[in-house]
Amino acid sequence: MVSIRDLSFARGSHKIFDGVSLDIERGKITAIMGPSGTGKTTLLKLMGGQLCPDQGEIVVDGQNISLSSRDQLYDLRKRMGMLFQSGALLTDMSVYDNVAFPLREHTHLPESMIRTLVLMKLEAVGLRGARGLMPSELSGGMARRVAMARAIALDPMMIMYDEPFTGQDPISMGVLLHLIKSLNSTLGLTSIIVSHDVVETSAIADYIYVLANGKIIDHGTPIAIKQSPSAWIHQFMTGAADGPVHFHYPAKNYIDDLLSTGKRY
Amino acid sequence: MVRFLQYLGGGTLTNFTKLGRGARFLYLTMAGVGSVLPRFRLLLNQLYSVGVLSFLIISISGLFVGMVLGLQGYYILSDFGAEETLGVMVAASLVRELGPVVSGLLFAGRAGSALTAEIGLMKATEQLSGMEMMAVDPIKRIVSPRFLAGCLSMPLLAALFSAIGIIGGELVGVGLLGVDEGAYWAQMQAKIDFQDDIANGFIKSLAFGFVATWIALFEGYDAVPTAEGVSRATTRTVVNSAFSILGLDFILTALMFGDD
């Protein structure tokens, strides 16, 4: 479904990706994991064509993103759904209108049919009864479920989830896990989850790529990743405070620092 | 010295780059205006929030500005025994200058800052990115209707400002200070020219609406997507709009009345 070859991308002088290659299989849940600030969200934006790579190619469903015209890109996006970390619901519209938004923009369906489709999508995420609420009246978990309903409104071929579990309580987390898994299997989607929530993501992912320092440092099934001999992967998967990624920010000797006088920094 | 030159060069480059982005943004916005007309409801909603909601501040300010003009004008004109021409003075000041300029400044403060904050917050909360990922062009869907509404509202608001100001001038001049009501209106009718005064004032208000709305929308769209970034963008909208309106007013006045 998605093939990335030799991808390089930098913001100013800061290199975010340096020769990243990966493949995302159709119909599977693929997780892209890594610590904060490694460019996981940037990778999703590159896949969606919101950013342009400095080097390399990204092919989604046979279409090279960097060579696509604006119209081709917009056509492709109609077949892609994306769940933003914040939900990105339109705050001046109700839950119902948010889910109806892509249908009204891209189809000429009569309002009665749009109603049926919206209610079906909201039923799938368990929020049919909340259709009259405004985004400000929703909890974080509910907002993400509404965003999910909106993302599947046009029956896309794939959905990209940007940190779907961040800041969720255990019940919301369980609901989201269940929804991602069930939507993927019942709608025959391809799901890409960007996350650093190891336990939750490993529980539903078919394949995991681990990203750090601009490169893919390991990939495989969740079991293979857990058994990786790499000390870095072990620290990331177990959440150990110290290891190859140090707990302490580099500093001079602690005792010397305490006993020294003068400069504050 | 080298550091100063570097600073100067860096600042110039940044500003020219921003000007280029602004020009491209304006082009895309104007190109999107055509798609607004078939979806009239979008325009109507924006006419309400940009235009109708600015009416109160415009009308109250217009009334007070007209009253002050009536008062000041009376004291000056009565020294020369020319208080009957108060209507002309009030109307010419308002229609030619104060109507477009003051309502432009108020428009930038009321509607412009609201537009910047709204679009900046939409950017900060990823609503614009979300639209792009739903294959909906945010410039056509969000920016162009607001731009058109701003350009249409501003001349109407300036006209209302002037009309209410003239009534304010009459309230003070005729009602309070005893200027003859017939003279107030008749002198105004005789001396205020449609093309020189009203049409030129209209053109000014259209230009100010265009510039103030463009600046407000661009600053919102170009804002750094953080609370501080949106706050700075809102401030820039008011400051840049005020400078642009006052500078443009001088240029337009020189072009319109330079040969008189």
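**Close-up views of a predicted two-chain model**

**View 1. Lining of the largest cavity.** By class, eleven nonpolar, two polar and three charged residues line the largest cavity. Classes are nonpolar (Ala, Val, Leu, Ile, Met, Phe, Trp, Tyr, Cys and Pro), charged (Asp, Glu, Lys and Arg) and polar (the others, Gly among them). This is a predicted model: local features need pLDDT of at least 70, side-chain atom pairs count only at pLDDT 80 or more, and totals for chains, interfaces and linings use all residues. Residues are numbered from 1 along each chain as its sequence is written, chains are lettered from A and ligands numbered from 1 in the order in which they are written, and side-chain values use heavy atoms, without hydrogens and water. The cavity volume is about 150 Å³. Of its 16 lining residues, A:Met80, A:Gly81, A:Arg150, A:Ala151 and B:Met134 are the closest to the centre. On a 1 Å grid over the protein atoms alone, a cavity is a set of points where a 1.4 Å probe fits but cannot get out; a pocket is an open set with protein on both sides within 12 Å along at least five of seven lines; lining residues have an atom within 4 Å of a point. Points are joined across faces, edges and corners, and a volume is the space filled by probe spheres set on them.

**View 2. The second largest pocket.** This pocket holds about 480 Å³ of space. Its lining has 17 residues; A:Asp92, A:Met93, B:Leu42, B:Asn45 and B:Arg141 lie nearest the centre. By class, seven are nonpolar, two polar and eight charged.

**View 3. A salt bridge between chains.** B:Arg39 and A:Glu105 meet through their side chains in a salt bridge (2.5 Å, N to O). The pair runs from the loop between H1 and H2 of chain B to helix H3 of chain A. A salt bridge puts a side-chain nitrogen of Lys or Arg within 4 Å of a carboxyl oxygen of Asp or Glu. Helices (H or I, at least four residues) and strands (E, at least two) are DSSP runs, numbered from the N terminus. B:Arg39 is partly exposed at 35% relative accessible area, and A:Glu105 is partly exposed at 21%. Buried means under 20%, exposed over 50%, partly exposed in between (1.4 Å probe, protein chains only).

**View 4. A salt bridge within chain B.** The side chains of B:Lys18 and B:Glu219 meet at 3.2 Å, N to O. B:Lys18 sits in helix H1 and B:Glu219 in helix H8 (residues 194–221), so the pair ties together parts 201 residues apart in sequence. B:Glu219 is buried, at 3% relative accessibility.
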